[in-house]
Structure formats: structure tokens, C-alpha cells
Amino acid sequence: MGSQSKDQKELTVLVTGFGPFREQYPLNPSWEIAKGLPSHLAPLRAKDAGSRDAPETPPVRIIVHPEPIRVNYKVVRDLVPSFWDTAYQGHGVDVAIHVGMAGPRPFYQIERRAHRRGYRSLDVDGELPADGPEGRPDDEDWIWHGLPDEILTDIDVDDVYKRWQAHSPKDMDLRISEDPGRYLCDFIYYSSLAHLYKERRPRKVVFLHVPSDASGAFVTQGRELAVNLIRALVESETAAKEKPL
């Protein structure tokens with residue numbers, strides 16, 4: 001139970017983090033967390049694996065986008081398709097986790113949905129999205145024309161959340177959120193979800209919000225929780241595939 005099988009196809013998880021957020025956050029903890037992740041998910045120790053309702057998971061490769069993403073609408077919109085269009089860094093991405101900071105609150109949350117409109121806050125370069133805060137819903141040439149105002153991930157967030165809690169210390173405040181905030185975190189999440197939606201591909205992407213504290217202790221804690229989230233995602237996806245039709 002909960003071990004890794006070398007016979008299963010390797011699963012690739014992409015993780016991204018954001019760059020500095022204005023002067024008050026010269027270090028963005030989302031990038032500090034992402035850049036230190038291991039290249040592969042270590043198998044659970046036997047005593048931990050045996051205590052979980054966990055399937056035998058495939059080997060997991062973790063690819064971190066090699067630089068922090070600028071907190072800029074145009075940068076995000078131009079960059080996101082590259083994660084999904086081709087073999088990213090030589091590997092097809094199976095699941096993506098976008099990580100971003102959510103302010104000083106000391107809890108961690110995974111987001112279920114993202115929004116097409118309502119981006120009224122300026123990015124770090126003082127810009128709004130090129131198509132305006134509400135987009136151009138009536139313009140057939142708009143990149144998000146005809147898409148829902150909300151898109152949900154195809155990840156089973158409730159199942160992932162239970163597994164994430166099970167792998168994490170009991171005193172960690174972990175939550176599910178229904179509103180990523182209509183800023184760059186929401187924007188990158190919708191960008192990925194929309195790209196996959198338009199291509200009628202499984203929307204295997206989730207957003208992780210972390211506290212804004214970039215001190216060593218919080219980064220270490222956040223990295224451990226990110227690894228636990230990756231494990232929970234892989235277990236959930238593996239279990240879903242094993243369910244009889």
C-alpha cells in the first residue's frame with residue numbers, strides 16, 4: 001500500500017511560482033518553495049504507507065519552471081500555453097500546480113475554481129489585462145470568448161484535500177478555497193484551465209495559496225506541504241484510474 005511501482009508509467013508534475021510582489025515582498029515565498037522541491041517524489045516509508053488508504057503510485061517526476069513568473073498579466077498569458085502545448089522540458093505534463101502567495105494569513109489552501117473576468121488590480125508593472133478588467137465577451141477574437149466565467153479543475157479537490165491532510169502534521173491549517181482572488185493567482189489558474197478547456201483536454205491543474213512569509217521556517221514548512229500535496233494528487237489520480245467503470 002502506498003508504495004511506488006516501477007512498472008507504471010512515470011507521472012510528471014509541473015510546479016510554478018511567482019516572482020517579487022512590489023516592494024513589500026522582494027522574496028515571493030511561492031518561488032522560494034517551488035525552487036527547492038526535489039526532482040522526484042520519494043516513496044513513502046513502509047510504516048507510513050501501510051497506515052494510509054493509498055494506492056500503489058507510479059514514479060513521479062517533479063519539474064519546476066526554471067524561473068519565478070513575473071507578476072504580470074501579459075507574461076502569464078504568453079507563458080501558460082508553453083506548459084501544455086508540447087513536451088515541456090522533454091516531458092509531457094500530467095498535472096500542474098501553480099503556487100502563489102495569499103497575504104500574511106498563516107494557512108495554506110487549494111483552489112477549486114478560477115475566473116474569466118473581474119481583474120481590476122494592476123500588476124507589478126502597473127498594467128491591467130490587455131483586454132480590460134472584464135475582457136471582451138462579445139468579441140469572437142478574444143482569447144477567452146465563449147468560455148465559462150468560472151472553470152473548475154478536473155482534479156478531485158475534496159479527495160486530494162483529505163489525502164493532503166492525512167500526509168501533513170495535524171496542526172497545519174489546510175483549507176479548500178472557492179475564490180483565488182481575481183489577481184495574478186486567479187489569472188494564471190484560469191489561463192491553464194481555459195487552455196485545457198478549449199482543447200478538450202483533462203484539466204489536471206490546481207492552485208496552491210501559501211502565506212506571504214518568506215522566512216526560512218515558513219519556506220521549509222511550505223515546501224513540505226507542497227510535497228505532501230503532490231503525493232496527495234498522485235494518489236488521488238491513481239485511485240481514480242483504478243476505480244471500476
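Which residues point one way from β3 and which the other way? In this predicted model, in which residues are numbered from 1 along each chain as its sequence is written, V95, I97, V99 and M101 point one way from β3, whereas A96, H98 and G100 point the other way, and all are buried. In a regular strand the side chains alternate between the two faces of the sheet. Buried here means under 20% relative accessible area, exposed over 50% and partly exposed in between, with a 1.4 Å probe and protein chains only. Helices (H or I, at least four residues) and strands (E, at least two) are DSSP runs numbered from the N terminus. Because the model is predicted, local features need pLDDT of at least 70 and side-chain atom pairs count only at pLDDT 80 or more, while totals for chains, interfaces and linings use all residues; side-chain values use heavy atoms, with hydrogens and water left out.

Seven of the seven residues of strand β3 (residues 95-101) are buried, so the strand is largely enclosed by the rest of the structure. With pairing taken to require at least two DSSP bridges between two strands, β3 pairs in the parallel sense with strand β1 (residues 11-16) over four bridges, and T16 stands opposite H98 in β3. Strand β8 (residues 205-210) also pairs with β3 in the parallel sense, over six bridges, and here G100 stands opposite H209 in β8. These strands belong to an open sheet of six strands in the order β2-β1-β3-β8-β4-β7, with mixed pairing. β2 (60-64) and β7 (174-177) stand at the edges, each with a single partner strand, so one side of each is left without a neighbour in the sheet. Neighbouring strands of this sheet are turned by 25° against each other on average, direction ignored.

Axes are lines fitted to C-alpha atoms, for helices over the stretch in contact, and angles run from 0 to 180 degrees between N-to-C directions. Helix α5 (residues 184-198) lies across β1, β3, β4 (108-111) and β8, and runs at about 170° to β8. Helix α6 (residues 216-242) lies across β1, β2, β3, β4, β7 and β8, and runs at about 35° to β4.

In helix α4, residues V157, V160, Y161, R163, W164 and H167 are buried, and the buried residues of α4 pack against β4, β7, β8 and α6. K162, by contrast, which has its place in α4 (residues 157-167), is exposed, with a relative accessible area of 59%. The C-alpha atoms of K162 and D53 are separated by 11 Å, although the two residues are 109 residues apart along the chain. T153 lies in the loop between β6 (150-152) and α4 and is buried, with a relative accessible area of 9%. Leaving aside residues up to four places away in sequence, T153 touches E111, R112, Y189, L193, R203 and V205; the C-alpha atoms of T153 and E111, 42 residues apart along the chain, are separated by 8.6 Å.

Q89, in the loop between α3 (73-85) and β3, has a positive phi of about 50° although it is not a glycine, and is partly exposed, with a relative accessible area of 44%. R200, in the loop between α5 and β8, likewise is not a glycine but has a positive phi of about 55°, and is exposed at a relative accessible area of 81%.

Grid points are joined across faces, edges and corners, and a volume is the space filled by probe spheres set on the points. The structure holds two cavities of 30 Å³ or more, and about 40 Å³ of space lies in the largest cavity. Residues lining the largest cavity include R77, R116, Y119, D131, W142, W144 and F187. The largest pocket has a volume of about 240 Å³ and is lined by 15 residues, of which M101, A102, Y183, C185 and H209 lie nearest its centre.

Definitions and conventions:
Contact = heavy atoms within 4.5 Å. 1 Å grid on protein atoms, 1.4 Å probe; cavity = no way out; pocket = protein on both sides within 12 Å on 5 of 7 lines; lining within 4 Å.
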